[in-house]
Amino acid sequence: MSWSAIPDAEQLGAKAESLYRDYQLPAVRRWKKSSGGPAIGYMPIYVPRELLHAQGAMPVGILGGGDDLEIIRGDAFYQSYICHIPRSTIELGLNGSLDVLDGMLFPAICDVIRNLSGIWKMKFPDKLVRYLDVPQDFDREIGGAFYRRELEDLSAELVRHGARELSDDSLRESIRAYNDNCALVRELYTLRQEQPWLVPTSELYTVLRAGIVVSVEESTEMLEAYRALLDAETTRKPMDQARVVFTGTFCEQPPLGLIKTLERSGCYIVDDDFIQIHRWMRHAVPSEGDPLENLVNAFLEDSIESPTRYIDQGVKGKQLVERVTASRAEGVLVGAPSFCDPALLDQPMVVDALDAAGIPWTAFKYSENNGQFQVIREQAGTFADSIKLWSEAS
Ligand code: SF4
């Protein structure tokens with residue numbers, strides 16, 4: 001059934017969920033059959049999908065195995081005090097789920113991902129495997145020149161693995177395709193801020209996840225269909241819930257059950273860090289002029305804040321405080337994947353910024369394969385109740 005033929009938002013969300021939970025990547029297999037191009041997986045958080053698309057390759061987001069996968073061999077590659085996503089990702093690689101991929105990109109996120117790229121190289125020597133260095137210097141002459149070289153190298157490597165040569169025209173078209181897609185995601189985020197009861201985060205999340213395992217064209221079709229169904233939705237009514245931002249979910253994702261639990265505990269999530277690649281650029285990337293330079297400059301100058309990104313002159317947490325204000329949130333859930341260095345090293349600075357702004361917060365850790373949510377439900381429920389009491393008292 002095409003996305004536009006689905007009769008309501010709940011059913012669209014269910015289809016999106018079954019798609020992203022199918023680790024055999026059926027949409028990728030379909031796409032490869034019809035296009036003949038290579039499919040290239042990427043780990044969170046950001047890769048230049050436009051470049052891959054322009055060369056006839058399909059970028060495929062790989063965010064681990066969540067709570068669906070039993071880890072049999074993945075644990076052998078990592079110590080116990082390392083987050084969960086690399087274990088389930090290597091498990092997916094070793095159990096053949098990712099065979100349809102012609103390569104994997106590992107963007108510079110943290111040492112764990114760097115090590116995973118090395119493991120992947122050893123285990124899958126015939127595939128394209130690349131650690132994608134992104135600049136931590138944001139001067140166009142330094143970080144920009146470096147990143148452009150990195151993208152040119154990646155482009156050449158893609159050609160060696162079956163992709164076509166890059167052309168300015170095709171890159172301009174791809175930039176426009178992703179701009180359209182990201183604009184729809186931004187619209188949905190705005191709609192959720194305005195009417196969080198209309199756009200449950202647990203449903204929006206499934207759409208965001210499915211959007212990275214289908215082609216950008218199909219993702220846009222799905223987002224348009226979802227938007228139209230929300231416009232027609234009349235049964236969802238507002239409830240007395242606390243408006244919160246859920247931060248810290250930029251890499252390893254919490255299980256869907258945890259997101260539902262937070263909503264059931266009395267929270268409307270009105271902004272979050274889920275699948276940040278959809279919103280990594282705050283604005284549309286210009287498509288006129290030199291498109292590769294535009295991609296580079298957008299990365300340098302228009303990226304959102306992330307624990308994986310060095311902030312030279314900036315102040316960690318400032319952007320989060322701005323997001324709380326913009327989304328009219330009453331508090332912040334500060335999440336972190338267990339053993340995630342980038343998230344946990346940022347947390348003291350982030351909560352300092354929230355304290356300075358007088359914004360209530362509560363923090364907890366999670367893992368993608370958490371099975372028990374009761375403790376977090378009680379914590380988030382108490383937080384939501386106290387927000388309601390404070391805001392009514394003030
Ligand atoms: S969850 Fe954190 S530590 Fe683990 S791979 Fe992601 S950024 Fe690195």
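I began with helix α10, which covers residues 256–264, and in this predicted model I found that L258, I259, T261 and L262 are buried there. Looking down the axis of α10, I saw that its buried residues fall within an arc of 160°, so they line one face of the helix. I then moved on to what comes after α10 and noted G266, whose phi is positive, near 115°.

G381 itself is found in helix α14, residues 374–393. Is G381 buried, exposed or partly exposed? I counted it as partly exposed, because it has 17 C-beta neighbours inside 10 Å, whereas a buried residue needs 20 or more and an exposed one has 12 or fewer. I also checked G381 against L128, and the two are 253 residues apart in sequence and 46 Å apart in space, taken from C-alpha to C-alpha.

My last entry concerns the ligand, which 14 residues surround, the closest being C83, C110, C251, E252 and C340. Which helices each supply at least two residues of this shell? I wrote down α4 (85–94), α5 (111–123) and α13 (341–356), and I noted that the largest share, three residues, comes from α13. Sorting the shell by class, I found 12 nonpolar residues, no polar ones and two charged ones.

Definitions and conventions: Residues numbered from 1 in each chain as written. Predicted model: local features only at pLDDT ≥ 70, side-chain atom pairs only at ≥ 80, totals over all residues. Helix = DSSP H or I, 4+ residues; strand = E, 2+ residues; numbered from the N terminus. Arc of directions from axis to C-beta. Near = placed C-beta within 6 Å. Nonpolar A, V, L, I, M, F, W, Y, C, P; charged D, E, K, R; others polar.
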